[in-house]
Amino acid sequence: MTLAVLPEAETSSRKLTLRCIACNAILPPTLVYRCPDCGGILEVVHQKPEGRSWLRADFVADDITLGEGGTPLRELRPDLLHAGFKGRLLAKDETRNPSGSFKDRLVAAALSRAIALGATGIVSASSGNAGAAAACYAANAGIPAIIVCPDATPRGKLAQIVAYGATLEQVPGHYGNAFEHARLICAETGYANLTTTYLNPYGVDALRLIGQELHEQMEGVGPDWIAIPTSSGPLVKGVFQGFMDRAGKVPRLIAAQSEGCAPIARAFREGKNDVDGWETPKTIASGISDPLLAYPEEGSLTLSLVRASKGVAHAVGDADIREAMIELARKAGLFCEPTGAASLAAARDLFVKGTIGSTDTVVCIVTGHGFKDFAAWT
């Protein structure tokens, strides 16, 4: 297949650079993952012509896209949140993406940029969904992919990775170990790193499209709350940026975590600005089981965005996540994995605690399909 090659500093008439969030250094758009001066997180800075709409083609090459994005925003029965809730409850159904999760959005953009910059293969550390997305898109592009997963990754996600023909490597322990192993593989092979924390700035930047979609689907009337299953938090940043792009303001964001791995929620509860790594993650929500031990600054960035939105970072128990998962299937026909249901579980608990009002409008982002973790249903 012939791959579309994007010019180094320009995509669809959209010039870009990289900026370090920590020290404000400006870099050209190359395959770099942290600031060479201070080690800070990098983000994409756009110089977009005035009045021009954002398009998926601004981020993803024609030969790479599999139709990711444009997912439905569904109106759900209010009592799915709580019997006493009289507002609006909606679900942004990211299970409709090609490999079954929102990670397709990020991977499609990161892979497009990697190929444009000469990458001959990719590597991704993953708790499952990002690895499945990377394997899927690499198969379509005809390049090799190496996926590194913790040994506790759900079998449904591993099956996807293997089915797409990627090389699968499993490592003992938590996600941070997979992250480090993937980094070493990239150093040895020269492959592009598509790990979907804040590590790849091009992938993270494309997530702003989900915030823009939500703004359009709400017809410019933003919800009061958007609940987001949260690991390190690029999806939080994407929603935040997307609403800023379109409206110049952001609904209150809920960074939903599990009580078994809640470094961001803990820092929020304790009134801290800096997130500390979580010692021993243990949760059925594998997609948000990232202790942030190797890169707590990513959690700190996410926490700052939650606070800027006047939102909350909130953790709920596995039993609540499982109940929300089951009821989404049985009362809304929405089959998702535990991570995807964490958004509804957190919103339910915040309603009971009085944080969410009885007539508020709440959007829950459902991030991953139920076929990815059959064991959670047994």
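Rings of Phe, Tyr and Trp (for Trp, the six-membered ring) form an aromatic pair if their centres lie within 6.5 Å, with planes under 30 degrees apart counted as stacked, over 60 as edge-to-face and the rest as tilted. By that criterion, a search of the whole structure finds four aromatic pairs. The structure is a predicted model, in which local features need pLDDT of at least 70 and side-chain atom pairs count only at pLDDT 80 or more, while totals for chains, interfaces and linings use all residues. Residues are numbered from 1 along each chain as its sequence is written, and side-chain values use heavy atoms, with hydrogens and water left out.

**Aromatic pairs**

- Phe179 and Tyr295 form a tilted pair, since their ring centres are 4.5 Å apart and their planes stand at 45°.
- This pair links distant parts of the chain, 116 residues apart, with Phe179 in helix H4 (residues 175–189) and Tyr295 in the loop between helix H8 (263–269) and helix H9 (296–308); helices (H or I, at least four residues) and strands (E, at least two) are DSSP runs numbered from the N terminus.
- Phe179 is buried at a relative accessible area of 11%, and Tyr295 is buried at 2%, where buried means under 20% relative accessible area, exposed over 50% and partly exposed in between (1.4 Å probe, protein chains only).
- Phe335 and Trp377 form another tilted pair, at 5.2 Å centre to centre and 55° between the planes.
- Phe335 is partly exposed at 31% relative accessibility, and Trp377 is partly exposed at 25%.

**Charges over rings**

- Arg113 lies over the face of Tyr202, at 5.4 Å from the ring centre, the criterion being NZ of Lys or CZ of Arg within 6 Å of the ring centre and within 35 degrees of the ring normal.
- The charged end of Arg208 sits over the ring of Trp54, 4.8 Å from its centre.

**Helix H7**

- Of the 14 residues of H7, 10 are buried, so the helix is largely enclosed by the rest of the structure; among them are Pro234, Lys237, Phe240 and Phe243.
- H7 is followed by Gly248, whose phi is positive, near 75°.

**The open sheet**

- Six strands form an open sheet with mixed pairing, in the order E5-E6-E14-E11-E12-E13, where two strands pair if DSSP finds at least two bridges between them.
- Strand E5 (73–76) and strand E13 (312–316) are the edge strands, each pairing on one side only.
- Strand E11 (residues 225–229) pairs with strand E12 (residues 252–258) in the parallel sense over five bridges, and the bridge partner of Ala227 in E12 is Ile254.
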